[in-house]
Amino acid sequence: AYRLLLARGYSRGARALRETGPDSLFRTASVTKPVTAAAVLRLIQDGRLRPSDRLTDLLRLGRPADPRLAEVTVARLLRHLGGWDREVSGDPMFDDVAIAKALGRPLPIGQDDIVRYVTARPLDHAPGTTFAYSNYGYLLLGRIIEKVTGRPYATYVRDAVLAPLGITRMRLGRTLLPTAGEVPYYSQYKGATVMDPSGAQVAAPYGTFNQENNAFNCGWLATPVDLVRLARVYDGTTPVLSASSVAQAFAVPETGADRGRYYACGWHVRRTGRGLVTWHSGSLPGTNTLLVRRFDGLAWAVMFDQRDDPSGEPYRDIDTALHETADDMPAWPAGDVTWRAPLTAPDGRPGLRR
């Protein structure tokens, strides 16, 4: 049985702003990848897709510049083994200006433009030989989902992954138009917009990257409670993925494993003497997120509405702190505070309904 032990929102700033609560929606950033991976794994489980299916057989990409593109498979895309390396050639999901210039078209660019641009460039590595984290690879997985199902990515994910878990409020975010209940995002930085050709300086979270283009790799909005519920998919005990599908998801990849650490299907994995610890973090201007699953059945999610505090303190430090806290707990409280709707506590801060 699953129990929700704690859900809290913390606010700092002008009192006129809406208080952050357990029902607040945040950009998930790359914690979107376990969502996309779950949808792909469900298609594999249902026999509609195979891990060995080749990218070039599934999508019409035009004439590739690199014949090795034929060696990119669904399994390799899931594990970041497709051959694109942002440390070598940059990340095309966040290189809008260069892509627009190369294609001779004005901003904003679209997903089709990104695919056209990348297909016309050589791979950085032979597929299957080098782990290199690739946002672009997950863009391709989202487009494969759409091709195989004949449905929009978000529609299939809602029906096949989210609805069976009772998750109803997750939705794809937008660059400039906030969703009801979504937090505002903060950054000390500004940059040129990629949403039009004006070159105007905008707040970093609102236009220095294109959220719509990044829908399949960084695009979902969720509450922390939603993400903890989503983590259950990878326990193999829900209607979404079977135990055998989960075992396949966490299998050691063909390359990239290092002393018990590797990237599986949508998750970083660390093997311990007591079992697997799996996690994914996310980072965008104005966003920092973390979702963790542990061998002892614990799962937690943390979501921030900024990532560059002027103090310079790193947000990643919360990961170690939470693991240390969990390890030091002699026992967990009884009961279940499963969140249903926000309440206002006597001090004016959001509470929980039991």
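I count a residue as buried when its relative accessible area is under 20%, as exposed when it is over 50%, and as partly exposed in between, with a 1.4 Å probe and protein chains only. Helices (H or I, at least four residues) and strands (E, at least two) are DSSP runs, numbered from the N terminus.

**Entry 1: ground rules**

I am looking at a predicted model, where local features need pLDDT of at least 70, side-chain atom pairs count only at pLDDT 80 or more, and totals for chains, interfaces and linings use all residues. Residue numbers start from 1 along each chain as its sequence is written, and side-chain values use heavy atoms, with hydrogens and water left out.

**Entry 2: the whole protein**

I started with the secondary structure and got 12 helices and 12 strands. Next I looked up the extent of the C-alpha trace, which spans about 65 × 50 × 40 Å along its principal axes. The radius of gyration (over C-alpha atoms; the globule rule is 2.2 Å times the number of residues to the power 0.38) came next. A compact globule of 354 residues would have a value near 20 Å, and the protein agrees with its 20 Å.

I then asked how much is hidden: 51% of the 354 residues are buried. The protein exposes about 16600 Å², and carbon and sulfur atoms supply 51% of that area. Those areas come from the Shrake-Rupley method with a 1.4 Å probe, and for residues only the protein chains shown count as cover.

For contacts I use heavy atoms within 4.5 Å. Of the contacts with a separation of 6 or more, 65% are between residues 24 or more positions apart.

I also checked the charges, with Lys and Arg as positive, Asp and Glu as negative, and His and the chain ends not counted. Each charge is placed at NZ of Lys, CZ of Arg, CG of Asp or CD of Glu. The mean positions of the 44 positive and 36 negative charges are 4 Å apart.

I treat two strands as paired if DSSP finds at least two bridges between them. Strand β7 (residues 268-272) runs antiparallel to β8 (residues 275-284), with 5 bridges. The hairpin from β7 to β8 goes through 2 residues. I found R271 opposite L276 in β8.

On I went to β9 (residues 287-293), which is antiparallel to β8 and joined to it by 7 bridges. Here G282 has T289 in β9 as its bridge partner. The hairpin of β8 and β9 also has 2 residues between the strands, and G286 there takes a positive phi near 85 degrees.

**Entry 3: a three-stranded sheet**

What order do the strands take in the open sheet of 3 strands? I read β1-β5-β2, with antiparallel pairing. β1 (26-27) and β2 (171-172) are at the edges with a single partner strand each, so one side of each is left without a neighbour in the sheet. From β2 to β5 (residues 220-222) I count 2 bridges, and L172 has W220 in β5 as its bridge partner.

**Entry 4: helix α10**

Helix α10 (residues 224-231) is mostly covered, with 6 of its 8 residues buried. I listed them as P224, V225, D226, L227, L230 and A231. They pack against α1 (33-45), α8 (153-162), β5, β9 and β10 (299-304).

**Entry 5: D308**

D308 lies in the loop between β10 and α12 (317-328). Is D308 buried or exposed? Its relative accessible area is 11%, so I put D308 down as buried. Not counting residues up to four places away in sequence, D308 touches Y186, S187, Q188, Y189 and Y315. D308 and Y189 are 119 residues apart in sequence, yet 8.5 Å apart in space, C-alpha to C-alpha.

Most residues other than glycine have a negative phi, and most peptide bonds are trans. I went looking for exceptions.

The peptide bond from L107 to P108 is cis, with omega near 0 degrees. P108 sits in the loop between α5 (96-103) and α6 (111-119).

A29 has a positive phi near 55 degrees. I found A29 in the loop between β1 and α1, buried with a relative accessible area of 0%.

R259 has a positive phi too, near 50 degrees. R259 is in the loop between α11 (243-249) and β6 (261-263), and at a relative accessible area of 81% R259 is exposed.
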